[in-house]
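Please examine the structure below, with attention to its helices and to the exposure of selected side chains.

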Amino acid sequence: MINKDCKTMLWIVIAGSACGLIYLLAPILTPFLFGAFLAYLADPLVVKLHERGLKRALSATIVFLSLLICLILIILLLIPLIQNQTADLPNVIPNTVTWLQTTVLPWLKEHFGIDEGTLNTDTLKSMVSDNFSQASGAANSLLKTVLHSGVKLAEWAINLILIPVVMFYLLVDWNKVINGIHNLIPRKYEPRVVKLAKESDDVLSAFFRGQLIVILVLSILYSVGLSLLGLQIGILIGVTAGLMSIVPYLGFIVGVTIASIAAAVQFGAFSSVLFVWLIFGAIHLFENMFLTPKLVGDRIGLHPVAVIFAILAGGTLFGFVGVLLALPVASVIMVWVRYLHQRYRRSNLYQTKPAS
């Protein structure tokens, strides 16, 4: 009994020390976590090239340069479009406020008795304009501060450089890192740990590699559909809805709500709102019937509420680093919970029937 208690206490101390270390090192962990995350996602491509006869280092270089070029092209294409649409927001939001008072509030007054004076258009427009001016001024002030602060600028530069560097070296030595960890596992527990590690890898692969592709495809489809409709900030809404789709249904709900209001304000016709619903409905069906089952599947086992809780808990406990670690840790915990649940169902405690 003492030995078991000592082992339990040892694991508690190890887990607590790991959490404390993550908390203390959080400011410098971000580029390493990003680099490791990207290397993990790209490793299957390196493996495929390596299996075709290329050396591991050459395979990693080809994959690394290809992904870097793709990322640069996406940034060069996407950022100007989003920047232009963001510049239209100071005009779009006041128009939305006007639409709320001239269209929505009269309807609310007619059906629910809400007074139109509750919302003052001029006041809200002024608040919006002031907030955008303050935000712009704050952004300019922050930019000037960063540019004039050599230390901060150096920290940003080092972090940006470290991410691809860490990613590249981990891609080259990924097998060595995995084998090194594998060799540290006590031989007694090695089969069980390897089995659970493989299941965890399947879950993480299904979630991250599949979900990232889903996010990319949804962002493109939403943006193209809303742009073809002629929506003024269609790309901005589409990208936002795509990114938020990491939480099931959240991207759809937020996207269709904002897009419907934007369409009603811009076009002033209910038919435009119907087209928005048609676009989001068709894409949502495509996602649920083909995209998510094909790319993600049902191996994750994380309920949408659990996803939200994991992200919020990680951010609260460890800041941005916690947000990065939240879903991987939650996915691995789910694997262990299912394993413990299976062991419990096979145990005498569960299977022993009451004496008659």
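Leu45 belongs to helix α1, which spans residues 2–51; helices here are DSSP runs of H or I with at least four residues, numbered from the N terminus. With a relative accessibility of 43%, Leu45 is classed as partly exposed, a term that covers values between buried (under 20% relative accessible area) and exposed (over 50%), taken with a 1.4 Å probe and protein chains only. Its C-alpha atom is 8.2 Å from that of Ser59, a residue 14 positions away along the chain.

The model is predicted: local features need pLDDT of at least 70, side-chain atom pairs count only at pLDDT 80 or more, and totals for chains, interfaces and linings use all residues. Residues are numbered from 1 along each chain as its sequence is written, and side-chain values use heavy atoms, with hydrogens and water left out.

Helix α2 comprises residues 56–87 and contains Ile69. Ile69 is exposed, because its relative accessible area is 52%.

Two further helices, α7 (residues 190–229) and α10 (residues 270–295), pack with their axes 10 Å apart and at an angle of about 160 degrees. Axes are lines fitted to C-alpha atoms, for helices over the stretch in contact, and angles run from 0 to 180 degrees between N-to-C directions. Helices α7 and α10 are therefore roughly antiparallel to each other, the term for angles over 145 degrees.

Asp202 is located in helix α7 and is partly exposed, its relative accessible area being 26%. Between Asp202 and Ser331, 129 residues apart in sequence, the C-alpha to C-alpha distance is 9.9 Å.

Technical notes
Helix = DSSP H or I, 4+ residues; strand = E, 2+ residues; numbered from the N terminus. Parallel < 35°, antiparallel > 145°, perpendicular 65-115°, else oblique.
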